[in-house]
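Subject: Structure handover

Dear colleague,

I am passing on the structure below, and after it I set out what was found in it.

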Amino acid sequence: MTDIRLPVGHVKFSVRAVILCTRGDTLLTNCGHGEHGSGFHFLPGGAVRADEDSAQAAAREWHEETGLTADALRLVGIIESFFGPAGRREHEIGFYYHLPAPPDLPDGTFTVQDNPDVQCQWVPFDRIEATPVYPLVIRDLLRVPPGEVRHILNREA
């Protein structure tokens, strides 16, 4: 199946499913390392595919990255993000799912199974902005009560 990522005029448009995996007051993040490392943290997840709903995409991406099953996904937010430098602007609609950390997920840093250049690591909630973890507005989704879904408009320079 084809990922929902396409050029629309001068903007790249994409639909993404994202996992907010938490353990206590820490959030699991991805960070590139090595020669092609990104230098910033982002969240597990990836593109939603054509004819795939966002919950299916989140579960698939979680399994691809960790090898584990995502049994307790709960939609907590939708973020419409506009970001990137002039000439490479992006418009992303992200579906954000909370997942309590499964007991068999490592406590320390570990390599993502489907990309050896990316490592997962735990970031304390109070260090999200300083790390930074993108999108920067995710902190608003970490304590959404069950039964609620937040919508956030995020414009980054």
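A residue is called buried when its relative accessible area is under 20%, and exposed when that value is over 50%, with partly exposed in between. Please also bear in mind from the start that this is a predicted model.

I begin with the cysteines. By the cut-off used here, C31 is buried, since its relative accessible area is 12%. The structure holds zero disulfides, and for C31 the reason is distance, because the closest cysteine sulfur, that of C120, is 10 Å away from its own, which is too far for a bond, given that a disulfide requires two cysteine sulfur atoms within 2.5 Å. C120 is likewise in no disulfide, the nearest cysteine sulfur being that of C21, at 8.8 Å. C120 is also buried, with a relative accessible area of 1%.

As for I19, if residues up to four places away in sequence are not counted, it touches L43, P44, G45, A58, W62, L73, Y97 and L99.

The strands around β7 can be described together. β2 pairs with β7 in the parallel sense, over twelve bridges, and within this pairing C21 has L99 of β7 as its bridge partner. Strand β6 (residues 74-83), by contrast, runs antiparallel to β7 and is joined to it by nine bridges, with L75 having Y97 of β7 as its bridge partner. The hairpin of β6 and β7 has five residues between the strands, and in this hairpin G84 takes a positive phi near 100°.

Among the side chains, R155 lies over the face of F82, at 4.2 Å from the ring centre, while the structure holds zero aromatic pairs.

In helix α1 you will find H63, which counts as partly exposed, at 43% relative accessibility. Leaving aside neighbours within four places in sequence, H63 is in contact with L68 and Q113. The C-alpha atoms of H63 and P106 are separated by 15 Å, and these two residues are 43 residues apart along the chain.

Finally, some backbone features deserve a look. Most peptide bonds are trans, and most residues other than glycine have a negative phi. The peptide bond from T131 to P132, however, is cis, with omega near -20°, and so is the one from Y134 to P135, with omega near -5°. P132 is placed in the loop between β9 and β10 (150-155), and P135 lies in the loop between β9 and β10 as well. D51 has a positive phi, near 70°, although it is a residue other than glycine. D51 is found in the loop between β5 (45-47) and α1, and at 77% relative accessibility it counts as exposed.

Notes: Residues are numbered from 1 along each chain as its sequence is written. This is a predicted model: local features need pLDDT of at least 70, side-chain atom pairs count only at pLDDT 80 or more; totals for chains, interfaces and linings use all residues. Side-chain values use heavy atoms; hydrogens and water are left out. Rings of Phe, Tyr and Trp (its six-membered ring) pair if their centres lie within 6.5 Å; planes under 30 degrees apart count as stacked, over 60 as edge-to-face and the rest as tilted. A charge sits over a ring if NZ of Lys or CZ of Arg is within 6 Å of the ring centre and within 35 degrees of the ring normal. Buried means under 20% relative accessible area, exposed over 50%, partly exposed in between (1.4 Å probe, protein chains only). Contact means heavy atoms within 4.5 Å. Two strands pair if DSSP finds at least two bridges between them. Helices (H or I, at least four residues) and strands (E, at least two) are DSSP runs, numbered from the N terminus.
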